[in-house]
Amino acid sequence: METGRKPRKLPEQVADKLREMIIEEGVKTGSKLPAEAELMVRFGVSRSTVREAVKILQTEHIVDIRQGQGTFLCAMPGLASDPLGLRFADQEELIGMLLETRLLIEPNVAALAALRRKEEHLQEMKALLDKMDSAYLHSEDYTPYDSEFHALIARCTGNDVVQRLVPTIQESIQAGYHHTQRVEGSYQRASQCHLEMYRGILERDPERARQAAQRHMQQTMHDSGVDVSSVLIR
């Protein structure tokens, strides 16, 4: 008796076609996808089939359905909000593990960014540094700009895999903020390292950028009370 694979349902087939459309047509993140009526004509299916297909993509974190506005491509298509399952990690040890991971990764990311950055990246980077300082001086939450700064450095590399590691890095920034916000001089030390990273990237000096990122992570770990001595760094 022949046992073939179970035929894929029509909504699943349409979801496959939608993924192909997004990739082949180079749909940009944040862009709005064609309306339901257009997709119905394009794929020759009913409205309910299109809706089910779109919901499949929504569960895969590829699209974002906004009530009354339409369907939009997610910022990081296919990347779940907790891709590494960190909610199930030992929460007491998580901040240390996240910061240790950043120390192992970010110096090389900064070095690569120095080699591959574009002029528009520099303007955006400097603007984020200014916004961070302004927020800190006004006793406001500066971490969104901090997260954006590190995300931008990852974007400078042009490496999509590196950019998809950013959510993990951003999570550690948020967690680290609560550990270091009351440590005297912590922001000033971080700000100086950020500026040095920017200068290394500006001057296309990968070693300067690498050392600044390494120093930044070591200082953050120290201010967070995390032992850095066991991490091997060249």
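A salt bridge is a side-chain nitrogen of Lys or Arg within 4 Å of a carboxyl oxygen of Asp or Glu. Arginine 51 and glutamate 36 form one, with 2.8 Å from N to O. The two residues sit in distant parts of the chain: arginine 51 in helix 3 and glutamate 36 in helix 2, 15 residues apart. Helices (H or I, at least four residues) and strands (E, at least two) are DSSP runs, numbered from the N terminus.

The model is predicted: local features need pLDDT of at least 70, side-chain atom pairs count only at pLDDT 80 or more, and totals for chains, interfaces and linings use all residues. Residues are numbered from 1 along each chain as its sequence is written, and side-chain values use heavy atoms, with hydrogens and water left out.

How accessible are the two partners? Some terms come first. Buried means under 20% relative accessible area, exposed means over 50%, and partly exposed lies in between (1.4 Å probe, protein chains only). Arginine 51 is partly exposed, at 44% relative accessibility. Glutamate 36 is partly exposed too, with a relative accessible area of 27%.

The whole structure holds 15 salt bridges. Look next at arginine 19 and aspartate 16. Their closest N and O atoms are 2.5 Å apart. Both residues belong to helix 1 (residues 10–24), and being 3 residues apart there, they are separated by about one helical turn. Arginine 19 is partly exposed, at 22%. Aspartate 16 is partly exposed as well, at 24%.

Now move to arginine 208 and glutamate 196. Their side chains meet in a salt bridge of 2.5 Å, N to O. Arginine 208 lies in helix 10 (residues 206–223) and glutamate 196 in helix 9 (residues 186–202), so the bridge ties together parts that are 12 residues apart in sequence. Arginine 208 counts as partly exposed, at 24% relative accessibility. Glutamate 196 counts as buried, at 15%. Elsewhere, salt bridges with shared partners join Arg8, Asp16, Arg19 and Glu60 into one network.

Next come the empty spaces. Rolling a probe the size of a water molecule over the atoms shows where empty space is left. The search uses a 1 Å grid over the protein atoms alone. A cavity is a set of points where a 1.4 Å probe fits but cannot get out. A pocket is an open set with protein on both sides within 12 Å along at least five of seven lines. Lining residues have an atom within 4 Å of a point. Grid points are joined across faces, edges and corners, and a volume is the space filled by probe spheres set on the points.

The largest pocket has a volume of about 310 Å³. It is lined by 11 residues, and the closest to its centre are Ala75, Met76, Ala151, Arg155 and Gln163. Helix 6 (143–156), helix 7 (160–163) and helix 8 (166–180) each supply at least two lining residues. For classes, Ala, Val, Leu, Ile, Met, Phe, Trp, Tyr, Cys and Pro count as nonpolar, Asp, Glu, Lys and Arg as charged, and the others, Gly among them, as polar. By this scheme, the lining of the largest pocket has 6 nonpolar, 3 polar and 2 charged residues.

The second largest pocket holds about 270 Å³ of space. Of its 13 lining residues, the closest to the centre are Glu36, Arg51, Val54, Ile65 and Thr71. Glutamate 36 and arginine 51 are the salt-bridge pair from the opening. Helix 2 (36–43), helix 3 (47–59) and strand 2 (70–73) each give at least two residues to the lining. Helix 3 provides the largest share, 4 residues. The lining of the second largest pocket divides into 7 nonpolar, 2 polar and 4 charged residues.

How many cavities of 30 Å³ or more does the search find? There are 2. The second largest cavity has a volume of about 60 Å³. Its lining includes Ile105, His150, Leu165 and Ile169. Helix 4, helix 6 and helix 8 are the elements that give two or more residues to this lining. By class, the lining of the second largest cavity has 8 nonpolar, 1 polar and 1 charged residues.

Isoleucine 105 is found in helix 4 (residues 91–116). Isoleucine 105 is partly exposed, with a relative accessible area of 30%.

One last stop is aspartate 64, in strand 1 (residues 63–66). Aspartate 64 is partly exposed, at 32%. Aspartate 64 and glycine 30 are 34 residues apart in sequence and 8.8 Å apart in space, C-alpha to C-alpha.
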